[in-house]
Amino acid sequence: MSTAVSEAVAPAAELSADQLVITGWTALSPYGLDRAAFTAGLGSAASTAVDASQVTGTLPSPHACLVPGFDIKELLGKKGTGKLDRLSALVMVASDQLLRDADGEVALETDELTGVVVGSSMGSLETITEGMRQSLTNARPFYVDAGKIPVGTLNHAAGACAIRHGLKGPNTTLGGGRVSGLLALNYARRLLGQGRASSYLCGSAEEFSAAHAWLEHVAVERGEESPLLGEGCGMFLLELAGRAQRPALASVLAVESRVDIDDDPAAAVTACVRQALDRAGVRAEEVWAACPSAAPGRSGRAESAALDALLPAEALDRVPTMAHIGDTSAAAASLQLAAVLAVAERDPASAGRIALVTAVDRDGGVGCAVLRLLAPAANGGAA
Amino acid sequence: MTTVVPDRLTRIREIVAENIDQDASELSDTALFIDELGADSLKLIDILAAIEMEYSIVIDMEELPKMVNVEATYQVAAAAAGW
Amino acid sequence: MSTSPSPEVGDRRRVVLTGLGAITSIGTGLAEYTAGLRAGRNGAAEITRFDTTGFDQVHACEVPDFDPEQWIRNVPLDDVGQAGQFALAAARMAVEDAGLTEDELGDRQSVVSIGTTDGESHDLDRLIAMDVAAGDPEVMDPVLARRINTGRLSTAVARELRMPNVEANTVTTACAAGNYSIGYGLDSIRSGETDLAICGGADAVCRKAFVSFYRLGALTSEDRVRPFDKNRRGILTGEGAGVLVLESLESALARGARIYAEVLGYGLSCDANHPTAPDREGIARGIRLALDDAGVKQDEVDFISAHGTGTKANDKTESGAIVDVYGDTPPRTVALKSMLGHSMGAASALGAIACALSIEHGFIPPTINHVETDPECPVDCVPNESVEADVRIVQNNSSAFAGNNAILILGKYGERV
């Protein structure tokens, strides 16, 4: 597996039957409501920050990177959405985009083993904290909005996605901060490998809210600035190559994670990337595109320094920075994966190349995924 | 059956409408929540909780099965509030 | 299922339980937990964690006399909240019980997976209370704000055990999370990619959960929980942590470890039906998937540790699902929540530990507070008194909001080849 950069590599048809492949993707992001908007926005030089305080009320800093035009009732209909939270809605719209084509017709056959895994740090923090606030301030402590209670359960988004599309396979929600998207990817990889699922909707998401902004603001370490927050959802369709219904866009060669136990995030990222490259059977010099989380603060700086030391400079330049969409927290790693796929799609030279995504989180988690990019845009999955 | 106070009935109709995603103007006071409007027990709790908050009253959960439509819900609220 | 690429039951790597750690309202540590299960202790008492003024319920199943410093050595106590302290203490207890030293854990590649319903929601409750009291969110305590993300539950376990080479995930599938985590550990070891997984669940009594179940009418108004009883009224919230050391059989045998039980299999199903109501078909499908995965037939199961919350809806629906799979004479079906209350994300992990202890010690724990079995719950719930029994195969149920079901099957090691 020491394929040199210049060599041609196995096309999708030659993948082993049990190879995990990504066969579809979408991204709701501060660049826009869908994959096309994400691809178009990626690489624009300006920040997507807007004055969010007009919608949310007082914020520690007025700016945030919101998914523009994200109107829940418009996107999901009026029925049953009255109490729906933004996080679940992001996940549901993303799942619609993967499972239905532009005409709303089914784009992927699902069965009783179609799985859903969603990475999310805290569910809908806005819904949860609003319920707490009502309990503390209303005339009686149980005067809370009952319809919001299920929505304030941490696994609501994944469950709502299953209800919407009738997906009865393994349904899981994972928390891991900025690493959430990679933990979800590895979870799906393992369960597909063990035959527990036939295919997977896998992604991670974050909603922007005043509650989140204030909690992040007070949590910031002394000497650091409050992060510019973003939101969004990156979601992927995962299948095993031998049973894939759609053309493979990328092979997932390795997903590794570690925990920084010594408050040395650079060392943890370095070890994790080396481990992932080893597992994937590729050399650091072969990496064609890499996308770090660009997390704010010390951990993000350590991540960048570690990748600078490990990887070819042109690989790091190939994927536009994620800084323009803010710190998208639990959504980050999935949006990074989406960015790598978007870059691959518009560059025919990407076919057969290696891409890498890393994540690092305040709570100590680090992660790295290694992909082999397989298809140019013409061969892509859902439009 | 207590005498119906129109303002309160209107408000309860609005609360029900809000919680089952209907237009208050289109909501009949006799339409059955579960059988005709597709509500479930969670929605009924939603309505009960919203009425409790609106009028600062407490309605026993045992009353839930009686709340079959707007009219009956009004009566349950009236009994709890002593209207 | 015929398209499943998974290896046949007989060809798979076998996975065993070699260490257990339990922090519960009826006893902390394995000896106390075992004694509590055998005696049928009731963990319910008046709530101390938060102010219950304004509620007509003041009970929950809190862990009494928890001393974090007895267990937690490496992570500063302020770095985690109450749920995290429970998780760390139970993890420490489990690895010590397994006889694994920090040197043996070291850089070994492994999985740490901790399940939770509410994570550090108690801290979040306190943060919001600070904001409300001052009318200014700037006053929220940064120490608390830094530790609320659910991911920390599992990364803090890795830090406490000084294990850097770990995939740490926190499974937030609410009240089924413990079984999910154990199942993930099983799959990780079966895949051949690791020999060791430290899995379980943790939650702390918090106002959020209490208010939620109260508002939904799922909290009993009594001072006790009565699963499967004709006059059951609902749950009491509870807390604690259960952590299990899962190890490949080869690894366990190579180091001469004590083996409590073999993890035979598990099943995950999603109702895809309703955000809160339990679903008979979904639960039954989960049970069938678990039995298939374990290669176990219905008549081999000695007892079922039910999800058994004590709500009208759950116990009736779950009993129905059990009858659907097992027929009219299902195995004895007990509800630990009669003793422990609903310890949320810890519940099925503590259930799994109880199953392992019942195999180890030869008894079936009771369903306490039981007066009259509901005809709609046609199961022998082992009312009030535990029974001595040669327990070989046990099923551990869990279900959660969002329609998430996770069913685990454990067996006596050495019974199956």
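Modeller: Chain C has 417 residues, for which a compact globule would have a radius of gyration near 22 Å; the value for chain C is 20 Å, which agrees. The radius is taken over C-alpha atoms, and the globule rule is 2.2 Å times the number of residues to the power 0.38. This is a predicted model, where local features need pLDDT of at least 70, side-chain atom pairs count only at pLDDT 80 or more, and totals for chains, interfaces and linings use all residues. Residues are numbered from 1 along each chain as its sequence is written, while chains are lettered from A and ligands numbered from 1 in the order in which they are written.

Colleague: What does the C-alpha trace of chain C span along its principal axes?

Modeller: About 65 × 55 × 40 Å.

Colleague: How many of the residues of chain C count as buried?

Modeller: A residue is buried if 20 or more other C-beta atoms, placed from the backbone, lie within 10 Å of its own, exposed if 12 or fewer, and partly exposed in between. In chain C, 67% of the 417 residues count as buried.

Colleague: How should I read phi?

Modeller: Most residues other than glycine have a negative phi. A:Ala294 has a positive one, near 55°, and B:Ser56 another, near 50°.

Colleague: Is A:Ala294 buried or exposed?

Modeller: A:Ala294 is buried, because 21 other C-beta atoms lie within 10 Å.

Colleague: And B:Ser56, buried or exposed?

Modeller: B:Ser56 is exposed, with 11 other C-beta atoms within 10 Å.
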